[in-house]
Amino acid sequence: MRLLKVATCNLNQWAMEFECNMKNIKASISEAKAAGAVIRLGPELEVTGYGCEDHFLELDTVTHAWECLKELLLGDWTDGILCSIGMPVIKGAERYNCQVLCMNRRIIMIRPKMWLANDGNYRELRWFTAWKQRGELEEFQLPIEVSEALSQKSVPFGYGYIQFIDTAVAVEVCEELFSPVPPHAELALNGVEVFMNASGSHHQLRKLDIRVNAFMGATNARGGVYMYSNQQGCDGGRLYYDGCACIVVNGHVVAQGSQFSLKDVEVIISQVDLDAVASLRGSISSFQEQASCKVKVSSVYVPCKLTQSFNLKMTLSSPKKIMYHFPQEEIAFGPACWLWDYLRRSGASGFLLPLSGGADSSSVAAIVGCMCQLVVKEIANGDEQVKTDAKRIGNYADGQFPTDSKEFAKRIFYTVFMGSENSSKETKMRAKQLADEIGAWHLDVCIDGVVSAVLSLFQTVTGKRPRYKVDGGSNAENLGLQNIQARMRMVLAFMLASLLPWVHSKSGFYLVLGSSNVDEGLRGYLTKYDCSSADINPIGSISKQDLRLFLRWAAINLGYQSLADIEAAPPTAELEPIRSDYTQLDEVDMGMTYEELSVYGRMRKIFRCGPVSMFKNLCYKWGTKLSPAEVAEKVKYFFKYYSINRHKMTVLTPSYHAESYSPEDNRFDVRQFLYNSKWPYQFKKIDEIVDGLNGDTVAFLGEEEEASSGQGGVVAANSGDPSAGL
């Protein structure tokens, strides 16, 4: 037997915060060494943090990374352990995303990333060059300061692996695993037994299984030990890196780290038998045949032994059941951990949330409550960093710290119900009840006086006073009155967030939380610069349907029972007067259901459908319920209001990224914001197709449950739709 102990980790890095990052790197190496591991893998770009973005273009960033690496190598951190360290490196005129492989205070080789992530949230080609030389390794001249300190002038640079006396080890960097021809396939044929994947992968709902299946698939048919390391937490942007460090042996997961955690450092260890890898490969005829005619990959020889022989004192790691969270748990824990990182790193003293008593703002409140529960739980488990941060944010006296989530929430979480004459008693009551269950400091504010003052000013200037449509006003009047209320709430929210700490003799400021969901953003069903405009938004890319699932789950699992009533209530903006024969409802205002919006969103973004392609696909999907003409009207109606309101995405509050059809304009869904909302060419093509069908029934090709998805009837858009306002 060749027994090998390996360590990989989740690290909560912070872009451009080198001291924080180095502290975590050192802690992970120390923990790995203490456990007896001889290989330690860290995340992609762990020295700088993955999310530095255009800071990667600054020479300072690369220089500081070398300074940090030099500090590691001058100490005893790498003594007796192979460490893979992620950092940017400039070679000649090119900048590369690299893993620097170090051992015994020396750099063994530098492995640049060959296939860069450049879609969705990723823009690596903006900052890095892909390494395209697959031949011999090149010599890289180390920076003078590093060379002199280490007494090492150069190091092999390029695509290759390290050959030890008893095994071979190679690196695969994040995106390379998911490329059509991943490097591990060729490396396995060259005898590499241990693969180290350094990653910077973000959380997305219902997607972890794709990643884990890729790890298992990498070694299932060709054998090997596959190590995966990831960042975990908010490193300064919209993404939450969701950890889940793994170790896989011959297609079986033998160790798995947490997906969501408040820990800064989490190290997982496994004891593996490399003879099991050799045995599997020897039993696969096709592997043997392909290995016999392989393309040779360059290597660096290190006269060092990593494995130990048979020893009963060393227990082998066994396959384990993979841990997957339900989507409702992902919505609870992911945004909660993201909020905690943002709170503790921003210098803020807490959060302020305009709590309407509706599903969206209540979801945000429940997520903050979940965050408070996680903080108290982690402190009880002995995490000193969480304890230190919580004491500072909560302004605890010496010797005191949070032991109860409701008490902690009272110190750091304000909720405000900003009611008007159009608000119902039910939503007011629900907001108060939920705030009490969480422990938030709740305020009840009536905004009628502020709105009336603005309208009086308008009347003084123009001589006219607008009326709601139900009272005989025009569409323009109805819309203007709704937008005034919504925007006054934003102004009051920011004023309260900045001054309430002062009122209560606290230092600092409060972050304002937004609560618009991904479907409303896609449709533009929000007032520009209303309460959707905030500092950050934890649910901005989560669908209404998923939020309702979360509310039902949270009512039981988080202990906030009022969420059950909130979820059951019909969604309403409560911006128009309530009458015996009229109550404002979101889906009536929008002219489409939330279920339909999710279908439109996925087709537009995930399946890259324009109006014509979406119409054709929905004829199949909805063909048993709707005629082609009805489908056409739905599609045209959606694209009309999507394009009218696209400009709102340019000022959308920075939101936690969780959904693959998010319309977030900053980087994920990059499109124009000035459209011809009539789509004359595309809509004409749809009309021609409908006419050509001559009323024929469209064959139903989907599954019955898919056909019923989004079948709520389209209702005429209410002329008071607040989404239409600029």
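Me: What should I know about the model before I start?
Reply: Residues are numbered from 1 along each chain as its sequence is written, and side-chain values use heavy atoms, with hydrogens and water left out. Because the model is predicted, local features need pLDDT of at least 70 and side-chain atom pairs count only at pLDDT 80 or more, while totals for chains, interfaces and linings use all residues.

Me: What is the span of helix α9, and what should it be?
Reply: Helices are DSSP runs of H or I with at least four residues, numbered from the N terminus. The expected span is 1.5 Å times one less than the number of residues. For the 20 residues of α9 (327-346) that gives 28 Å, and the end C-alpha atoms are 28 Å apart, so the two agree.

Me: Is α9 mostly covered or uncovered?
Reply: Buried means under 20% relative accessible area (1.4 Å probe, protein chains only). In α9, 18 of the 20 residues are buried. Just after α9, Gly347 has a positive phi of about 85°.

Me: Which residues lie nearest the centre of the largest pocket?
Reply: On a 1 Å grid over the protein atoms alone, a pocket is an open set of points with protein on both sides within 12 Å along at least five of seven lines, and lining residues have an atom within 4 Å of a point. Here 45 residues line the largest pocket, and Ser356, Gly358, Thr572, Ala573 and Glu574 lie nearest its centre. Elements giving two or more residues to that lining include α10 (359-380) and α15 (475-503).

Notes
On a 1 Å grid over the protein atoms alone, a cavity is a set of points where a 1.4 Å probe fits but cannot get out, and a pocket is an open set with protein on both sides within 12 Å along at least five of seven lines; lining residues have an atom within 4 Å of a point. Buried means under 20% relative accessible area, exposed over 50%, partly exposed in between (1.4 Å probe, protein chains only).
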